[in-house]
Amino acid sequence: MTVPLFPSERPQGRAMAALAPIGLAEETRPPEGQFHIRLTERQRRSWLKLIRADNVGPNTFIQLLNRFGSAADALDALPDLARRGGANRIRIPTDAEIDVEWAAAQRAGARFVALGEADYPAYLRAVEGPPPILAVAGDAGVFTRPAVGIVGSRNASLAGRKIAGQFARDLGAQGFAIVSGLARGIDAAAHMASLETGTIGVFAGGLDRVYPPEHADLVARIVATGGAIVSELPFGWEPRARDFPRRNRLISGISMGLVVVEAARRSGSLHTARFAGEQGRDLFAVPGSPLDPRAEGTNDLIRNGATLVASAEHVVEALGPQLGREPPPPSAWEPPAGPGEGDGATGDAPADLRAAILEALGPTPVAVDEIIRATGARPGLVQLVLLELSLAGRLERHAGGKVSLLM
């Protein structure tokens, strides 16, 4: 599938909290009063190479960038950091592999947008561990509009699809972009109804791997009508079951609020709802018949505090006070202290501290602050050891700044 290239110029959007807490030494800093950065092609390739390296997730990426100032310097440091964490080696993509993905993006009419750049979705910047690089095709201008996610059952009823379409159409008429996951059923109905007003399709695999395949025409229409498609996964990546939660996290992260139309008790839409709650998004649910198992999940959401909505007007009323405000500021990234500025963040950690941190860790998630208090070590040194363990594939990171040891 081929999609159009971006226009060369984009509006910069409203100013918001500066991105300066990301430790950008090499990367271009924003002028005073602007929130965005602008990477060169060489820097963008370095960011892509770093996020594609083994065991480098969004949180680890940000820590590496803060510690070393640039993705290129972080890449140079990866082998030694992983070795100190207990790994024999760490796989880093070759330049040739990055060239292949870069070429695939160009063939698809897509580009890579970095965290903090003007075309990066503003609300997504505020979630914990935002993706450092997104592959985007279509018109990124849709990201400047307030967005509402609409999700629900793949085997949706006719009534459910009609309701989803009506919500999407009416919200689009009110100026909202509609975000969904391109799945059958509710997702497809929401996308189709908002083609003319602006919709965002989030992929569970690479942008060149449409899933389900029969939605290739829908994807092409989204791009052709001024919407956008987006993924954090590499080109060529076939979506797997474990990739869909990552997609769902992006759906809620891009949105101001999330509407769940139909969802069974074990529906993936409930994962999206959970992410919305963790991200502080407004959560709405359309009630359904207690006799229909496809409504059990949505009815439970209402029982547990989600706002009952029967029309788009109810969503607009709830989100109205947020309209016109600046998007939330970026998540709380601490600026790097810099080498030798008293936090013990550089060099190697003492053997006894490593042993103490490993003893404090286990399969149960624990807050990093608790580890710092338990060991009495400087925060920078504790974070360094955790970073090394993460790069060695021995540490798992959880929501709320918690970590656990992979046994």
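Biologist: What percentage of the 407 residues in the chain is made up of buried residues?

Modeller: The model is predicted. A residue counts as buried when its relative accessible area is under 20%. By that criterion, the buried share of the 407 residues in the chain is 54%.

Biologist: How many helices and strands does the secondary structure of the chain come to?

Modeller: Helices are runs of at least four residues, and strands are runs of at least two. Counted in this way, the chain has 14 helices and 12 strands.

Biologist: Among contacts between residues at least 6 apart in sequence, what percentage joins residues at least 24 apart?

Modeller: Two residues are in contact when heavy atoms lie within 4.5 Å. Of the contacts in the chain between residues at least 6 apart in sequence, the share that joins residues at least 24 apart is 73%.

Biologist: Which residues of helix H2 are buried, and what covers them?

Modeller: Helix H2 spans residues 58-68, and its buried residues are Thr60, Phe61, Ile62, Leu64, Leu65 and Asn66. After H2 comes Gly69, with a positive phi near 85°. The cover over the buried residues of H2 includes helix H1 (41-51), helix H3 (71-85), H14 and strand E11 (395-398).

Biologist: How are helices H12 and H14 oriented to each other?

Modeller: The axes of H12 (residues 351-360) and H14 (residues 379-391) come within 11 Å and cross at roughly 70°. The crossing is right-handed. Angles of 65 to 115 degrees count as roughly perpendicular, and H12 and H14 are therefore roughly perpendicular to each other.

Biologist: Into how many nonpolar, polar and charged residues does the contact of H12 with H14 divide?

Modeller: H12 contributes Leu353, Arg354, Ile357 and Leu358 to the contact. From H14 come Leu381, Val382, Val385, Leu386, Glu388 and Leu389. Arg and Glu count as charged, whereas Leu, Ile and Val count as nonpolar. The residues of this contact therefore divide into eight nonpolar, no polar and two charged.

Biologist: Is Leu195 buried or exposed?

Modeller: Leu195 lies in the loop between helix H6 (186-193) and strand E5 (199-202). Its relative accessible area is 3%. Because the cut-off for burial is under 20%, Leu195 is buried.

Biologist: Which residues does Leu195 touch, not counting residues up to four places away in sequence?

Modeller: Arg169 is 26 residues from Leu195 along the chain, and their C-alpha atoms are separated by 8.9 Å. With residues up to four places away in sequence left out, those touched by Leu195 are Leu218, Arg221, Ile222 and Thr225.

Definitions and conventions:
Residues are numbered from 1 along each chain as its sequence is written. This is a predicted model: local features need pLDDT of at least 70, side-chain atom pairs count only at pLDDT 80 or more; totals for chains, interfaces and linings use all residues. Side-chain values use heavy atoms; hydrogens and water are left out. Axes are lines fitted to C-alpha atoms, for helices over the stretch in contact, and angles run from 0 to 180 degrees between N-to-C directions. Angles under 35 degrees count as roughly parallel, over 145 as roughly antiparallel, 65 to 115 as roughly perpendicular and the rest as oblique. A crossing is left-handed if the near helix is turned anticlockwise from the far one by less than a right angle, and right-handed if clockwise. Buried means under 20% relative accessible area, exposed over 50%, partly exposed in between (1.4 Å probe, protein chains only).
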